[in-house]
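Here is a report on one structure, shown below.

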Amino acid sequence: MSEQNMDHQTLAATDEAGQTGAPVRLERDSLGEREVPAGAYWGISTLRAVENFPISGRPVGSMRSLLWAFGSVKCAAARANTALGLLDAERGLAIEVAALEVRDGVFDTEFPVDRIQGGAGTSTNMNVNEVIANRALEILGFEKGDYAQLDPIDHVNRGQSTNDTYPTAVKISLQSALLDYCREHQLLINSFAAKGSQFAGIVKVGRTQLQDAVPMTLGQEFGAFAETLREDLARMNELSPHLKEINLGATAIGTGITAHPEYRSRVTLELNGLTGLGLVSAHDLVEATSDTGVFMLLSGVLKRSAVKLSKICNDLRLLSSGPQSGFNEIFLPAVQAGSSIMPGKVNPVIPEVVNQVAFKVVGADATVTMAVEAGQLQLNAFEPVMADCLLESMEWLTSACRTLRTKCVDGIEANEPVLARRMAESVSIVTGMAPFIGYTHAAALAKESLATGRGIRELVIAQGLLEADRLDALLSPSALAGFPVPTPTH
């Protein structure tokens, strides 16, 4: 069943409950009364949110890392409130157990609220509160919806606000997603580096502006791919301290209203015990509640990573183009037939899909940027779309790196005969001789070679510009690739 259909069927079951005789329970909020399916762990707040936000068709239940984080936050809050005497031990333990079940994915289907929602994440927080409350009631031996015994707000949400629990959960989930991406990114780096070693002795023509430039090795080209990705990995690792700063205990706007004076330090301690992330409480909770700049920072680094990854894929497509009328310097693994009309055609579909992931990440960065800018006064109401964009970008990039590595880079082979033939025919080698014969002579040689078809080596010997042994040293693979050569004498 699709996520969108799941939402529609959830609503349909609710709407038809009273008409078909399906069991329901009556719940109340400040807007009135509604019937909720008796078996649902979510309640009236979730019902209203599902009705209000039929936007993406993708429920919060599909955000596994966010629910893992939210379960951790609610468990930490229950432990802190129990320790501070704000919850009795029985209720506190029931909430803790239920929160850990949410964390572990037991109730993912009970989170039908759309990922894109108004209210700064309140609908997600209330969905979590209701599921935990009703599961805790079940643990205590009461009926779902018997909130006189254990309430989603008074007990599960004690000392909390959406405005501190939601951004804290988002930051925790982003750290988890970022770690996954960094692991796959490193594996891709290793794959390119291995190809760099494999191709170290294969000389080819380097290009600038799509024109022949100077010789290099194919190994240097692939080693550069590895290094450019390595630089992005370093930038991503630098983000970790920024994502570790949380505002839990800030409640509504950062003043900590309704929270015990010791709650902030206690809940942070408990949350670190649950996550092992080394989270720290922000120095200024008012600032931390209103400022979402860290999400824009992360988005920018993801955009940089995606764009550079896409550039590498452009190069792979160019280098493998052909096989007869293109560059044809490398062979990409053939993973599927390329055309419904042209027999035998094979397309670079893996680099192409990574290009498209990059396009999506660039668009998501624009969304995050505008959402960060749109915050007003003590709160930014647009964190749901930031979370959606950032988590999706990292999920897609993680999959893209894995796919590029396993279905493309690991299997790339060099077309050595083509590379050797082009190197032998290329006038690009003349640049390495310029310090020894002078730029003017070198330019004239290049022009004559192109006009007559005679090789550079032949022309140099014929004109007596360099001795044969000296010329062979200059044209050796190590010299052509930029390794040390004898210092010219004048």
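## Largest pocket

The largest pocket holds about 440 Å³ of space. This is a predicted model, in which local features need pLDDT of at least 70 and side-chain atom pairs count only at pLDDT 80 or more, while totals for chains, interfaces and linings use all residues. Residues are numbered from 1 along each chain as its sequence is written, and side-chain values use heavy atoms, with hydrogens and water left out. A pocket here is an open set of points on a 1 Å grid over the protein atoms alone, with protein on both sides within 12 Å along at least five of seven lines; a cavity is a set where a 1.4 Å probe fits but cannot get out, and lining residues have an atom within 4 Å of a point. Grid points are joined across faces, edges and corners, and a volume is the space filled by probe spheres set on the points.

The lining of the largest pocket has 22 residues. Nearest its centre are Ser320, Gly322, Val346, Asn347 and Pro348. Strand 7 (330–331) and helix 13 (349–373) each supply at least two lining residues. Helix 13 gives the most, with three. Helices (H or I, at least four residues) and strands (E, at least two) are DSSP runs, numbered from the N terminus. By class, the lining has 13 nonpolar, six polar and three charged residues. Ala, Val, Leu, Ile, Met, Phe, Trp, Tyr, Cys and Pro count as nonpolar, Asp, Glu, Lys and Arg as charged, and the others, Gly among them, as polar.

## Second largest pocket

The second largest pocket holds about 310 Å³. Its lining has 17 residues, with Asp29, Ile44, Ser45, Met126 and Glu130 nearest the centre. Helix 2 gives the most, with five residues. The lining divides into seven nonpolar, four polar and six charged residues.

## The cavity

The structure holds one cavity of 30 Å³ or more. The largest cavity has a volume of about 50 Å³. Among its lining residues are Pro167, Lys171, Asn247, Asp291, Phe295 and Glu383. Helix 7 (162–198), helix 11 (285–290) and helix 12 each supply at least two lining residues. By class, there are five nonpolar, three polar and three charged residues.

## Helix 12 and its partners

Helix 12 (residues 293–319) and helix 14 (residues 383–407) have axes that come within 11 Å and cross at roughly 30 degrees. Helix 12 is therefore roughly parallel to helix 14. Axes are lines fitted to C-alpha atoms, for helices over the stretch in contact, and angles run from 0 to 180 degrees between N-to-C directions. Angles under 35 degrees count as roughly parallel, over 145 as roughly antiparallel, 65 to 115 as roughly perpendicular and the rest as oblique. The crossing is left-handed, a term for a near helix turned anticlockwise from the far one by less than a right angle, with clockwise being right-handed. Residues in contact (heavy atoms within 4.5 Å) include Phe295, Leu302 and Leu309 of helix 12 and Glu383, Leu390 and Leu397 of helix 14. This contact has 13 nonpolar, two polar and one charged residues.

Helix 8 (residues 218–237) also packs on helix 12, at an angle of about 170 degrees with the axes 9 Å apart. These two helices are therefore roughly antiparallel. Among the contacting residues are Glu221, Phe225, Asp232 and Arg235 in helix 8 and Arg304, Lys308, Leu309 and Asp315 in helix 12. By class, the contact has nine nonpolar, two polar and seven charged residues.

## Helix 3 on helix 5

Helix 3 (residues 64–83) and helix 5 pack at about 65 degrees, with axes 11 Å apart. The crossing is right-handed. Leu67, Phe70 and Lys74 of helix 3 meet Thr124, Asn125, Val128, Asn129 and Ile132 of helix 5. The contact has four nonpolar, three polar and one charged residues.

## Backbone exceptions

Most residues other than glycine have a negative phi, and most peptide bonds are trans. The peptide bond from Gly322 to Pro323 is cis, with omega near 10 degrees. Pro323 lies in the loop between helix 12 and strand 7. Gly322 also belongs to the group nearest the centre of the largest pocket.

Thr258 is not a glycine, yet has a positive phi of about 80 degrees. Thr258 sits in the loop between strand 5 (245–246) and helix 10 (263–275).
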